[in-house]
Amino acid sequence: AQWKDNVIFDGHGNDMPEWFQNIGYILSTSDFEGSHQAVAEGMASGAIPIILPWAGAETVYPKKYVYENLPEDFEAPIFDMAKSKSIMEYAKHHFTTSHMAQWKDNVIFDGHGNDMPEWFQNIGYILSTSDFEGSHQAVAEGMASGAIPIILPWAGAETVYPKKYVYENLPEDFEAPIFDMAKSKSIMEYAKHHFTTSH
């Protein structure tokens, strides 16, 4: 009740760039995050980030926007167009593919889509490269479609997913497990048994 005049639930939307045009600030209030992609998306539209200090936040976003201690009477930075433009430029420089030239033949950005089961039919592997995660739900979704998971060892990963797919140390010349239909089917069965409500 105390927030009823301050919080608006907009519901699902497909055009995030348009939605962000009406947003002056983007908040990251989590205790744990991988990179909190929504913050980067907000910054790309000029929104001022206000980020609580989840582990690693200052390695992803400008330190001046990561607040160690927020007092109860905290006042957000004043929004102005110059600051907004500066944030957009920062996002353009740090969060776009322009700095990924060495990966340009290996990384494809598909954009937003609503039919993930269909999309996953074309995917042979699902990666979890975060330093921190809750359960990384995308891995479970990928496995349900038969994708082979390759998971870096964020805390708790081996309690959620099969230990053989959690890699403690990946050498530079790491080669992914060979994809075959029998392995894919086995992974789908694992996901069906462990990640559905049937059990």
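**View 1. Ser45, a buried residue in the loop between H2 and E2.** Ser45 has a relative accessible area of 16%, which counts as buried because that word is used here for values under 20%, with exposed meaning over 50% and partly exposed lying in between (1.4 Å probe, protein chains only). The model is a predicted one, in which local features need pLDDT of at least 70 and side-chain atom pairs count only at pLDDT 80 or more, while totals for chains, interfaces and linings use all residues. Residues are numbered from 1 along each chain as its sequence is written, and side-chain values use heavy atoms, with hydrogens and water left out. Not counting residues up to four places away in sequence, Ser45 touches Pro17, Phe20, Gln21, Ser84 and Met88, where contact means heavy atoms within 4.5 Å.

View 2. Helices (H or I, at least four residues) and strands (E, at least two) are DSSP runs numbered from the N terminus. H4, spanning residues 81-94, has 14 residues and reaches 20 Å from its first C-alpha to its last, close to the 20 Å expected at 1.5 Å a residue, the expected span being 1.5 Å times one less than the number of residues. Its buried residues are Ser84, Ile87 and Ala91.

**View 3. The crossing of helices H6 and H8.** The axes of H6 (residues 137-144) and H8 (residues 181-194) come within 7 Å and cross at roughly 125 degrees, the axes being lines fitted to C-alpha atoms over the stretch in contact, with angles from 0 to 180 degrees between N-to-C directions. The two helices are therefore oblique to each other, since angles under 35 degrees count as roughly parallel, over 145 as roughly antiparallel, 65 to 115 as roughly perpendicular and the rest as oblique. Ala140, Met143 and Ala144 in H6 meet Ile187, Met188, Tyr190 and Ala191 in H8.

**View 4. His112, an exposed residue in the loop between H4 and helix H5 (116-120).** The relative accessible area of His112 is 55%. Leaving aside neighbours within four places in sequence, His112 is in contact with His12 and Asn14.
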